[in-house]
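Me: I am new to this structure and would like to go through it step by step. Could you show it and then take my questions in turn?

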Amino acid sequence: MTLPEPNVDWNKKQDVKKKLENQFGYKSVYIGCIITHGISIYNKVMEDYLESVNGKNWRTKQRQILDSIMNYDKPKLEATADNVMSTKKLSLTVSKGL
């Protein structure tokens, strides 16, 4: 199960993932949470094949491309003293409540 990410355009992320699937030569299919022995074997064979076609670190490259596209539109948060202090106050409040 994938948890929703705050402030992420889900449709944009799915579109980018589909383009990356085409670029790297595979297709993702969600079949539920049950993984059979056959599915595990198929996934291993495909991982080996995709590594031979796209190179050893293809998965890392793919994730970097996805992250760079998804983070392109996000405003950069500057580490000002006010931001740091509000973060510390928030974490202290949360930890006291636990």
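Reply: Helices are DSSP runs of H or I with at least four residues, and they are numbered from the N terminus. The model shown here is a predicted one, and in it Glu21 lies in helix H1.

Me: Is Glu21 buried or exposed?
Reply: Glu21 belongs to helix H1, and it touches Tyr26, Lys27 and Ser28 when residues up to four places away in sequence are not counted. Its relative accessibility is 7%, and because the cut-off for buried is under 20%, Glu21 counts as buried.

Me: Which residues make up the largest nonpolar core, and which elements give two or more residues to this core?
Reply: The largest nonpolar core has eight residues, namely Val16, Leu20, Phe24, Tyr26, Leu50, Trp58, Leu66 and Met70. The elements that give two or more residues to this core are helix H1, residues 10-24, and helix H3, residues 58-72.

Me: Which residues does Leu66 touch, not counting residues up to four places away in sequence?
Reply: Leu66 is one of the eight residues of the largest nonpolar core. With residues up to four places away in sequence left out, the residues that Leu66 touches are Lys13, Val16, Lys17 and Leu20.

Me: Why is the pair of Phe24 and Trp58 called tilted?
Reply: A pair of aromatic rings is described by the distance of the centres and the angle of the planes. The structure holds two aromatic pairs, and in the pair of Phe24 and Trp58 the ring centres are 5.8 Å apart. This pair links distant parts of the chain, since Phe24 is in helix H1 and Trp58 in helix H3, 34 residues apart. The planes of the two rings stand at 40°, which lies between the cut-offs of 30 and 60 degrees, so the pair is tilted.

Me: Which residue has its charged end over the ring of Tyr26, and at what distance from the centre?
Reply: Tyr26 forms one aromatic cluster together with Phe24 and Trp58. Over the ring of Tyr26 sits the charged end of Arg59, at a distance from the ring centre of 5.9 Å.

Me: Are H2 and H3 roughly parallel or roughly perpendicular to each other?
Reply: Glu47, Leu50, Glu51 and Asn54 in H2 meet Trp58, Arg59 and Lys61 in H3. Helix H2, residues 37-54, packs with H3 at an angle of about 80°, and their axes are 9 Å apart. Because angles of 65 to 115 degrees count as roughly perpendicular, H2 and H3 are roughly perpendicular.

Me: Which residues does Gln62 touch, not counting residues up to four places away in sequence?
Reply: Gln62 has its place in helix H3, and at 10% relative accessibility it counts as buried. Apart from residues up to four places away in sequence, Gln62 touches Leu20, Phe24 and Tyr26.

Me: What separation do the C-alpha atoms of Asp67 and Lys13 have?
Reply: Asp67 lies in helix H3 and is partly exposed, with a relative accessible area of 43%. Along the chain, Asp67 and Lys13 are 54 residues apart, and their C-alpha atoms are separated by 9.5 Å.

Key. Residues numbered from 1 in each chain as written. Predicted model: local features only at pLDDT ≥ 70, side-chain atom pairs only at ≥ 80, totals over all residues. Heavy atoms only, no water. Core = buried A, V, L, I, M, F, W, Y, C linked by side-chain atoms within 4.5 Å. Buried < 20%, exposed > 50% of the residue type's maximum accessible area, 1.4 Å probe, protein only. Contact = heavy atoms within 4.5 Å. Phe/Tyr/Trp six-rings, centres within 6.5 Å; stacked < 30°, edge-to-face > 60°. Lys NZ or Arg CZ within 6 Å of the ring centre and 35° of its normal. Axes fitted to C-alpha atoms, helices over the stretch in contact; angles between N-to-C directions. Parallel < 35°, antiparallel > 145°, perpendicular 65-115°, else oblique.
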